[in-house]
Amino acid sequence: MRLKELVEAGQVEEAEGDMNQTITGLAYDSRRVKKGDLFFAVSGTRADGHQFTAEALERGAAAVVVEQRIPLPQGATSVRVRSVRRTMGMWSALYFARPSSRIALIGVTGTNGKTTVTYLLESIFSAAGMAPGVVGTINYRYQDRALPAPYTTPESVDLQGLLAEMADAGVNSVAMEVSSHALEMERVRGIEFDGALFTNLTRDHLDFHRDMEGYFSAKTKLFTDYLGASSKEKKFAVIHGGDSRGKELLEKIRNLGFEVWSYGRGREWDVHPAEFEGGIDGLTGKIRVKGEEIDFSSRLIGVANLENILGAVGVGFALGLPGSAISTGIARLQSVPGRLERIKNDLGVSVLVDYAHTPDALERVIGAVRPLTRRKLIVLFGCGGDRDRGKRALMGEIAGRLGDLAVLTSDNPRTEEPLGILEEVEAGVRKTGIKKFQISDLRSQYSELKTKNSKLKTEKGYYVEPDRRAAIRLALRLAHAGDLVLIAGKGHEDYQILGPRRIHFDDREVAREELDSIQNAK
């Protein structure tokens with residue numbers, strides 16, 4: 001593609017140099033520039049791409065796209081635009097021949113539930129005879145390929161290239177998680193959405209957004225901006241009306257010219273449960289959709305997942321898929337990695353690993369699993385370093401108030417001191433008035449266990465153990481038959497960030513290893 005074809009597409013304020021050059025690739029990282037690439041000088045949170053234009057040109061970039069007038073080597077080709085990020089999205093779509101125009105593409109946004117909804121949609125699309133792909137937090141996947149996901153939603157160059165690969169491979173439907181960062185940073189600019197779904201909005205990412213209003217404003221852009229700009233003929237929005245912010249969003253988009261579907265547990269919504277039952281083995285019932293009714297059975301656990309199922313059903317009906325295929329797709333999904341994922345064992349203890357890492361998510365997941373335990377609920381969690389500190393005490397208070405026993409531990413401390421993070425979490429736990437136990441007090445009990453083959457005695461309270469493996473071991477040893485252990489915060493993640501180091505650590509693997517150790521010791 002010649003540079004002038006991109007320039008003629010618009011967004012340009014000034015162009016200098018050879019516009020007839022052939023562009024052989026797109027880049028936004030100067031270290032990855034190849035000869036013939038068009039380099040976008042993106043302004044990031046840590047560095048400004050304008051500082052690296054000379055390096056990009058030295059590496060063989062055909063031209064650079066900038067927002068500012070900056071000194072460049074003599075003879076260099078440059079294009080100045082108002083917004084490099086917006087232009088990068090629009091030109092990436094053009095460069096890759098607008099792949100989203102060949103795909104039924106659904107964007108899913110919200111604080112919680114995005115990953116689960118995309119897994120449900122993938123299963124529903126497959127049951128309907130479609131060829132699905134998924135772009136999301138856990139990975140990017142289609143057919144038999146699964147690619148690592150450095151971002152929930154990739155940068156526009158990478159995203160458009162990925163969608164082009166999918167379309168060329170025969171994919172005709174994609175469920176994509178759309179993060180608030182991606183919406184603010186124009187990563188989905190140029191995407192032709194067929195539909196968009198909103199799950200909910202609760203406190204998260206306030207280290208990036210100025211406040212909750214800014215966070216909500218970013219989420220609404222998927223509907224008011226990106227979906228509105230899509231050239232698809234039949235467009236729709238599916239909104240969780242049972243969420244307070246969902247109600248606001250419904251009012252914002254009523255008159256934007258696309259079909260609107262609401263969902264929630266109440267009968268006032270377009271998609272709602274006519275009846276349902278839930279337990280440790282999953283959910284069953286009937287869902288009513290604008291006068292129609294379908295049966296459903298799911299291995300997913302809890303009312304939050306009921307809401308996720310309702311949202312996915314709404315998308316299925318909005319696309320005109322058969323109710324039978326929607327039901328089959330829901331039933332086929334066995335689990336979602338790190339989302340209330342069960343860790344099987346022979347101890348009679350229910351062990352669940354979940355990604356809940358915000359106050360609302362933790363409260364929701366505890367509320368979902370509380371009815372599933374016959375005895376105690378043990379909650380293990382931590383808070384990440386170098387992130388929103390305001391949520392730490394909130395999460396501590398929730399765990400202390402709603403759990404029977406809490407184990408506070410490290411998540412991804414990053415560059416913060418783990419004990420400093422835990423002190424802020426513990427401040428919230430102390431507000432509940434529950435007792436703090438010392439791990440040193442357990443040593444004598446551990447000795448007795450070896451000789452008496454009994455379980456540790458427990459009462460309502462909490463422990464602090466910064467070593468996450470040791471904390472998981474402790475929580476599992478504190479559990480009796482009939483108890484439920486919730487390991488929250490990291491979910492599907494298979495790493496832990498300690499200072500500058502990133503080590504392998506998977507809650508699910510560790511839980512299985514520790515459970516095996518307990519079982520073998522019997």
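Student: How do the axes of helix 3 and helix 5 cross?
Tutor: In this predicted model, the axes of helix 3 and helix 5 (residues 156–168) come within 8 Å and cross at roughly 20°. Angles under 35 degrees count as roughly parallel, so helix 3 is roughly parallel to helix 5.

Student: What is the handedness of that crossing?
Tutor: Helix 3 passes helix 5 in a right-handed crossing.

Student: Which residues meet there?
Tutor: Helix 3 contributes Met88, Gly89, Ser92 and Ala93, and these meet Ser156, Val157 and Gln160 of helix 5. By class, the contact has 3 nonpolar, 4 polar and no charged residues.

Student: What else does helix 3 lie across?
Tutor: Helix 3 (residues 84–95) lies across strand 1, strand 2, strand 3, strand 4 and strand 5 (78–81). Relative to strand 3, helix 3 runs at about 155°.

Student: In what order do the 5 strands come in the sheet?
Tutor: The order is 1-5-4-3-2, in an open sheet with mixed pairing. Strand 1 (12–16) and strand 2 (25–27) are the edge strands, each pairing on one side only. On average, neighbouring strands of this sheet are turned by 20° against each other, direction ignored.

Student: And strand 3 with strand 4: parallel or antiparallel?
Tutor: They run parallel, and 3 bridges join strand 3 (residues 37–40) to strand 4 (residues 63–66). Leu38, for instance, has Ala63 in strand 4 as its bridge partner.

Student: Let me change topic. Where is Leu340 found?
Tutor: Leu340 is in the loop between helix 10 (323–332) and strand 17 (341–342). Its phi is positive, about 45°, although Leu340 is not a glycine.

Student: Is Leu340 buried or exposed, and why?
Tutor: Leu340 counts as buried because its relative accessibility is 9%, and the cut-off for buried is under 20%.

Student: What about Arg414: what is its phi?
Tutor: Arg414 also is not a glycine, and its phi is positive at about 55°. Arg414 sits in the loop between strand 20 (405–408) and helix 13 (418–430). With a relative accessibility of 18%, Arg414 counts as buried.

Student: Back to Leu340 and its contact with Val365. Which other residues does Val365 contact?
Tutor: Leaving aside neighbours within four places in sequence, Val365 is in contact with Asp354, Ala356 and Leu486, as well as with Leu340. Val365 is found in helix 11 (residues 359–369).

Student: Why does Val365 count as buried?
Tutor: Val365 counts as buried because its relative accessibility is 5%.

Student: How far is Val365 from Tyr151, C-alpha to C-alpha?
Tutor: Their C-alpha atoms are separated by 24 Å, and the two residues are 214 residues apart along the chain.

Student: You mentioned helix 10. Which of its residues are buried?
Tutor: The buried residues of helix 10 are Ala325, Ile326, Ser327, Gly329 and Ile330.

Student: What covers them?
Tutor: The cover over the buried residues of helix 10 includes helix 4 (114–127), strand 16 (292–298) and helix 9 (303–318).

Student: Last topic: in which sense do strand 24 and strand 25 pair?
Tutor: Strand 24 (residues 495–498) and strand 25 (residues 501–504) pair in the antiparallel sense, over 4 bridges.

Terms used
Residues numbered from 1 in each chain as written. Predicted model: local features only at pLDDT ≥ 70, side-chain atom pairs only at ≥ 80, totals over all residues. Heavy atoms only, no water. Pairing = 2+ DSSP bridges. Helix = DSSP H or I, 4+ residues; strand = E, 2+ residues; numbered from the N terminus. Axes fitted to C-alpha atoms, helices over the stretch in contact; angles between N-to-C directions. Contact = heavy atoms within 4.5 Å. Parallel < 35°, antiparallel > 145°, perpendicular 65-115°, else oblique. Left-handed = near helix turned anticlockwise from the far one by under 90°. Nonpolar A, V, L, I, M, F, W, Y, C, P; charged D, E, K, R; others polar. Buried < 20%, exposed > 50% of the residue type's maximum accessible area, 1.4 Å probe, protein only.
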